[in-house]
Amino acid sequence: MRSSLLCAALISIFCLSVFAQTTTPANSEQSVPELDHFDAAKVDKSVDPCTDFYQYSCNRWIKDNPLPADEIFWGAFGKLQLWNEAVLHQTAVATAAKPAAERTPIEQKVGDYWTACIDEKQRNATALETLRPALERIDHMRSKSEIAEILAAIHLSVYGSWNPSDPETYAAMFGFGAQPDFHDTTHVIPQFDQGGMGMPGRDFYLNNDEKSADIRKSYLGYIAKLFELSGIPSAKAHADAEIVLRMETAMAQATMDVVKRRDPMNLDHEMGLDEVKKLTPDFDFARYLQLVDAPASSKFIVTTPDFFRALQQLIANETLDHWQSYLKWHLLTGSAAEMSDDFVNANFEFYGKTLFGAKALLPLWRRCVQAEDRDIGQALGQAYVARAFPPESKQRVQEMVKNIEAALSTDIDSMDWMSPETKKQAHIKLTAQIDKIGYPDHWRDYSALEIRPDNHLENVRRSAAFELHRQLKKIGKPLDRTQWGMTPPSVNAYEDPQTNTINFPAGILQPPFFDPAKDDSVNYAAAGAVIGHETIHGFDDQGRKFDENGNLRDWWTPSDAQAYEKRGDCIADQYTEFVPEAGVKQDGRLTQGENTADNGGIHLALSALESDLKAKGESLDAVGEDGLTALQRFFLAYADIWCSNVRPEMMRTLLLMNPHPLDKYRVNNVVSNMPEFAKAFGCHKGQAMVRANACRVW
Ligand SMILES: [Zn+2]
């Protein structure tokens, strides 16, 4: 239900729509950029590490690595992302060039997807015509009873209706997908979730400040622009845009806010289909379920019943032609980034520039790599794994994961605030956690998905249907804990509380995160902190509510739960702060899980490193060739992965919606809670990086 995305989620969550185009670079080996490697000499010696460790570690990086015009966020994650995409690009180009007769079925899909996506002329000539029948079908609606039928068609052709918890998805009306039963994860059941908006969340519709009003004005312009591009006369396009914004605002008012959604108890509403129908009697659920081909189920999760009651009011009160505008809008905006240049540019103007602050469109080759990774990532990613993730890397990471889990086991035993009963349960949960490293044991079967070289939008639409059907086929079947929610080249990682798994794609197990050329102190600081972070997610404010089987079950004694929450509040308060450059506040309650994971994760990485060194007869205090102790290198390498530049617009959007704190806090708040850091750099009481009220959960 929730994936605890590490940081690149900051980028990937929102980047689906941040698309662009310029020229295609050469396809040669040289077009793969250099990867960053940790270099301890790059610190800013004019800053005292005990005053601001982020500036000390990152000032030079930040100055030397200005944001490229087409980026909204630029740091170790983004640079590695670009490297991964360049590798995938080479694979796609080489596969497309292979003679058809020599290609395997997987290569046919990888090559033909690429050929269609990169062909701008074909996209410009065919995109709107491809969408025309679906648009006309909306024009021909005779009554509001047909909304369900049209919505099913949109969900089957616009990627994203299946993962409604993710703001990236912008599902029309509501989200629909398959989820493990909250109380019995051995069963997968259907889930209805709130949705319906085209902006990233309710605050964008409801906040009264000037900036929010400006964004809504741009949004209205974007809606009208897409209507005009689809052939609607200007005056009507503008009037229809007002209707869409009004309807989405009504939906926004009925949605549960991001902080309340963090508590899975608030989403735990299971009901039979009859009860679902009573929430929104004017929506034909039976027809919708039949058309999306959802297997029958006696139980449904409805995360936010109030939202579905509000939908009923909207269906009853808005006219048929208002609904036609709304549905048409979602079909258009959900397809725009995959269409012709005019649609792509309009989409970029709002999502890329207004919401995230990008100055230029991403080149077409990168948009195509990202689309192909999204649509057939387990086909495209196979060659990436072969090239970039050798068995030795997998084995070393596996060892690190085991050592970090052992560190958590020791940590649990040492907690003076937790009773033996709760400790026993925590150990059971930790032992049951499954680690997945690099790539799936079995690659996804794409044989039912048709990919052709002559029409990109059709490939995208068929891929969306394939993905929704793949998800829905899980309904009624036992939960498969081996499936991956990210593709192998993703620069990201996640913990999934319902499968009790931690997942590390090959894409993040590269320099500067995992660097076979570097020593243990650097690798534990970067990859190790990521591993520790995901491990802790199973025990953060959300994760701790799920048991070893992923069931939503309280395994804490009341007094231990209370002690936990006190510690959680300490962390939440530490991260709540107004951020002047963004003009909004960072909400420590929204970022509490990530903060807990960052603070606990680095502890685990450090104690695993210490044990590893001890086993080799080495120590954290040993001074290396660069004149630094292993402990100093550890903290510097940790800070290094968070050095970044970010656009103010992106920063503002992240602060409002994203559960991750800004990078500066991921360094300074974490180290200032740690006596080990003070020891490493000789910091003393009263200095900014030594907190008087240090927080510690794990
Ligand atoms: Zn996380």
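Modeller: Helix α2 (residues 53–64) and helix α23 (residues 630–640) have axes that come within 9 Å and cross at roughly 65 degrees. This is a predicted model, in which local features need pLDDT of at least 70 and side-chain atom pairs count only at pLDDT 80 or more, while totals for chains, interfaces and linings use all residues. Residues are numbered from 1 along each chain as its sequence is written, and side-chain values use heavy atoms, with hydrogens and water left out.

Colleague: What counts as a helix, and what is an axis?

Modeller: Helices are DSSP runs of H or I with at least four residues, strands are runs of E with at least two, and both are numbered from the N terminus. An axis is a line fitted to C-alpha atoms, for helices over the stretch in contact, and angles run from 0 to 180 degrees between N-to-C directions.

Colleague: How is the angle between α2 and α23 to be read?

Modeller: Angles under 35 degrees count as roughly parallel, over 145 as roughly antiparallel, 65 to 115 as roughly perpendicular, and the rest as oblique. With axes crossing at roughly 65 degrees, α2 is therefore roughly perpendicular to α23.

Colleague: Is the crossing of α2 and α23 left-handed or right-handed?

Modeller: A crossing is left-handed if the near helix is turned anticlockwise from the far one by less than a right angle, and right-handed if clockwise. α2 passes α23 in a right-handed crossing.

Colleague: Which residues make the contact?

Modeller: Contact means heavy atoms within 4.5 Å. On α2 the contact residues are Phe53, Tyr56, Ser57 and Cys58, and on α23 they are Phe635, Leu636 and Ala639. For classes, Ala, Val, Leu, Ile, Met, Phe, Trp, Tyr, Cys and Pro count as nonpolar, Asp, Glu, Lys and Arg as charged, and the others, Gly among them, as polar. The contact of α2 with α23 has six nonpolar residues, one polar and no charged ones.

Colleague: How do α22 and α23 cross?

Modeller: The axes of α22 and α23 come within 12 Å and cross at roughly 145 degrees, and the crossing is right-handed. From α22, Asp598, Ile602, Ala605, Leu606, Leu609 and Leu613 meet Ala630, Leu631, Phe634, Phe635 and Tyr638 of α23. By class, the contact of α22 with α23 has 10 nonpolar residues, no polar ones and one charged. Phe635 of α23 is among the residues in contact with α2 and among those that meet α22.

Colleague: What lies between α22 and α23?

Modeller: A loop that includes Gly617. On burial, buried means under 20% relative accessible area, exposed over 50%, and partly exposed in between, with a 1.4 Å probe and protein chains only. Gly617 is exposed, at 69%.

Colleague: Are Met173 and Asp293 buried or exposed?

Modeller: Met173 is buried, at 0% relative accessibility, whereas Asp293 is exposed, at 54%. Ala296 is also in the loop between α12 (285–291) and β5 (300–302), and Ala296 is exposed at 78%.

Colleague: What does Thr280 touch?

Modeller: Leaving out residues up to four places away in sequence, Thr280 touches Phe285, Phe308, Leu311, Gln312 and Ile315. Thr280 sits in the loop between α11 (273–279) and α12 and is buried, at 1%.
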